[in-house]
Every structure is written in C-alpha cells, then in structure tokens.
Amino acid sequence: MTKEHNFKGVIDTTLRDGQQSPLMFDTFTYRFGLDDKIKIVDGLLALGVQNIEFFSPVVSETEGKDFAVLRQRIKSNNPNVQLLAHCRTHPTDIEKALNAGFDGLNLYMGVSQEAQHHSHGLAISDIAQRVRDTIEPLRRANPNLYIRFSGEDCFRTELKDIYKVYDGVSDLVNTFGMPDTVGIATPELVRKRVNALRKRYPDIALECHFHNDRGYSLMNAVTAVLCGASYIDTSVWGLAERSGITSVTGLLFNLFQEDPTLCDGYNIEVCYPLNALMATMLGMQVPYTEPVSLTNRTHTAGVHTKAVLNSAGTYEAMDLARFGVTTNQLLLGPLSGWNLIYYYLREIKGYELSKEEAQQISSDFKNQAGRIDRSRSPELVLMDVIAPYQLSKIPTQDMTGRIENL
Ligand code: HCA
C-alpha cells in the first residue's frame, strides 16, 4: 500500500555544498574543473534529478562562467530542470543571480542566536524586517520566479523566532527551507519540526537540508519525507561542508525501501554508476558507508560466503542490482571457509579436486593465514598451500559458471 507524501524530489547541491566539502580544498587532488562539473551534471540528469543548486555567481568569476556553460548544456535538452542559485538575502547577490539566468533563488540568512550574536549581529526582528524588505520587491518584479527562503541553522533556533521571520514572507515564497546547518537534529526533532511547519504553512513547500555531524543525515531525510517534506537537499556521496549531507543515492535507495513510488521519475539503476563516476573523478573508492556501493555486495567470512554461493539473498537483503550494483564479490582471505576455497580452486583456477581435499587445503590455509600481509596476497599463500597436493587442471570446456571479481 502506498503512503501519502508530498515528496517532489531531491535538490542536488553537489556543485554548491559539495564544493564546500573539505575534500575539495585539497586543491591539487580533488578540485572540480568545468569538465568534471559537466560529468557530474550529465550523471545527475541521467539519474532524473530535476532540481540542481549552484553557487550564486557572486562567489567567483569562474563559478559564474562555468554556470553559463552548464546552463546552456542542461537547458538545451532538459528545459524543465530547475536551476537554483544559492544566494544570500542580499540585493547585489540576487541581482547577479537573476542576470545569470537562474530559474529560482534559494535565499538564506542566519536566524539562530549564534548568528544573531556572532555572525551578522542582527536581532530577530531586524532579520524579519530585512528578509521581508528584500523579498517583497523581488516578488513584485518577478511574479513567476521560484523563491525559497531558509533560516540558516533552523534547528538551533526556537520556533517562535522562525515563525517571526517566516510569517513575514509566507505570502511571497514558494518554499521554506529547514536546514540543520550544524547537524544536531534527531529523527524525533525532525518529525516535530516538519509537522509544525507543515501545519503553519500548509500551502508552502518544505525543503530540508541535513548535515551529517551525528551520522543522522540520511535517517533525518527519510523521516522528513515520510512526515511530508517536499524536497531534500542531497549531493553525490553526500559531499558537503564538514562530514557532509544526505547522499542522493543513499536517499533514493532508502525511500525505495519505504515506498517505491517515492522514486518515480528517477532512473535508479544510474545510482551506482553515478557513485562510481565520482570515485573515478576523485581517484578514491566509493565510501564504504555509502548504501549504494559494491561494498554492500561484498562478502568475506566463511559462513557468509558459503551461504551466498548457494543464495545471495541470505546476506543481501535488498535488491542493490536495481540500483546499478549488478555484481557481487566474495573475497578470498584469512576468514574464508572450505566452500569458497573449493569454489575458487575449481571455478576460477580450474583445478580438479574433491570436497575432502578442499577441506584439508582449507585447514592448511587457515594455519598459514598469518603469512598474509601487504606483500603477500591470500591467493599467493593459497597457491603455496596447494603445491604439495599436485592437483591436475580441469579441461577448460568442462568448467561451469563462475562468480567474477572473486
Ligand atoms: C551553509 C549553508 C547551508 C544552507 C542551507 C540552505 C546550511 O553552507 O552553511 O540554504 O537551506 O547548511 O545551512 O548549507
């Protein structure tokens, strides 16, 4: 049975908050050039992403120029994809973003006590006034522009303060943002806040943005969608300031488990190729904490590999193949049992051997597992172990099915 929800999709911010990831500041290794940005955008479009957030052109001339190229490329084949500028609630930033041809503005301003005392220094009534004074003429001059306003650090701000600012522009914006800027939110708090904002502003869409400082960003995002949030900010791998935000593929994968219709319009089989693309660009492996990863279809311990050889579902509960992880891996190593060793020697190496021999070899291999180190792989140790057995080779044409990547 499908549940009621308001989910309109992700707003991908790989090219905005993603570029604020500390990783990107190792500039010799990881910086995104225009070629990389094109690949990321193409990957997001292939996935079916309909909303992409960029820096406001005020950030740098390069960002402005790159956006012009990307905009042309995106709009020529995908006119309905919304291109959003992340923009301070400031007339100069707004003017530059409008001139650059964005479809909408993701406006923000700090509203927490911390911002009031240590950032811009304005009291909450002054913030409310400034936000209204900026957005009111903007809306009058641009009746069809998509406008979102976010109170930065929303979760450390009392609801009464948020209401003071949001009430003042609720007749002007399309969407309110609810960013957990410092990653303090828990699913319980998300539930309360989403319900409160949905109740007070039933006709305004709600966008949530969760940082991962406590490791809760994915859980918070799923909770927000199930409570009625319209948009979730995501990025490839969850790249963003500090430990990041919700991973786009992690979110789609988890929403699918809740209700597959939440992924309608997305080409979910592109999830893993998109993660692998980022891995290639950064010269790193897809993070092992990423749900849509080959790691999640990799098995090591003897008990696991034995069962997976019989039926992968024993240790693969969810269908990652639908998300593009089309292969699995069984790794040979010090924890391997005789079933895997039998399989490896027969199907991969092509040796003729009985199950009893495999059990004996496996016991010898375990006794020598301490020899496995950074210069000596498990395969090499196993080859040493089988030497005295003088196994003969199976004629190639008699070999049965193999599992690749073993
Ligand atoms: C930041 C800003 C932001 C903005 C989120 C939003 C945050 O980089 O600190 O515009 O809704 O986390 O508050 O990413």
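A: Let's start with the big picture: domain 1 and domain 2 bury about 740 Å² between them, and 78% of that is on carbon and sulfur atoms. Keep in mind that this is a predicted model. The domain assignment puts domain 1 at 9–282 and domain 2 at 295–405. Their C-alpha centres lie 45 Å apart, and the contact takes nine residues from domain 1 and six residues from domain 2.

Now zoom in on helix α7, residues 159–167. Take its meeting with helix α6 (residues 124–141): the two axes come within 8 Å and cross at roughly 25 degrees. Because of that angle, α6 counts as roughly parallel to α7, and the crossing is right-handed. On the α6 side, the contact is made by Ile-124, Ile-127, Ala-128 and Val-131, while α7 brings Asp-161, Lys-164 and Val-165. Sorted by class, that's five nonpolar, no polar and two charged residues.

Helix α7 also meets helix α8 (residues 187–200), where the axes come within 12 Å and cross at roughly 35 degrees. Here too, α7 passes α8 in a right-handed crossing. From α7 come Leu-159, Ile-162, Tyr-163, Tyr-166 and Asp-167, and they meet Arg-193, Ala-196, Leu-197 and Arg-200 of α8. By class, this contact has six nonpolar, no polar and three charged residues.

Terms used. Residues numbered from 1 in each chain as written. Predicted model: local features only at pLDDT ≥ 70, side-chain atom pairs only at ≥ 80, totals over all residues. Heavy atoms only, no water. Axes fitted to C-alpha atoms, helices over the stretch in contact; angles between N-to-C directions. Helix = DSSP H or I, 4+ residues; strand = E, 2+ residues; numbered from the N terminus. Parallel < 35°, antiparallel > 145°, perpendicular 65-115°, else oblique. Left-handed = near helix turned anticlockwise from the far one by under 90°. Contact = heavy atoms within 4.5 Å. Nonpolar A, V, L, I, M, F, W, Y, C, P; charged D, E, K, R; others polar. Domains from an automatic or database assignment. Buried area = accessible area lost by both parts, 1.4 Å probe.
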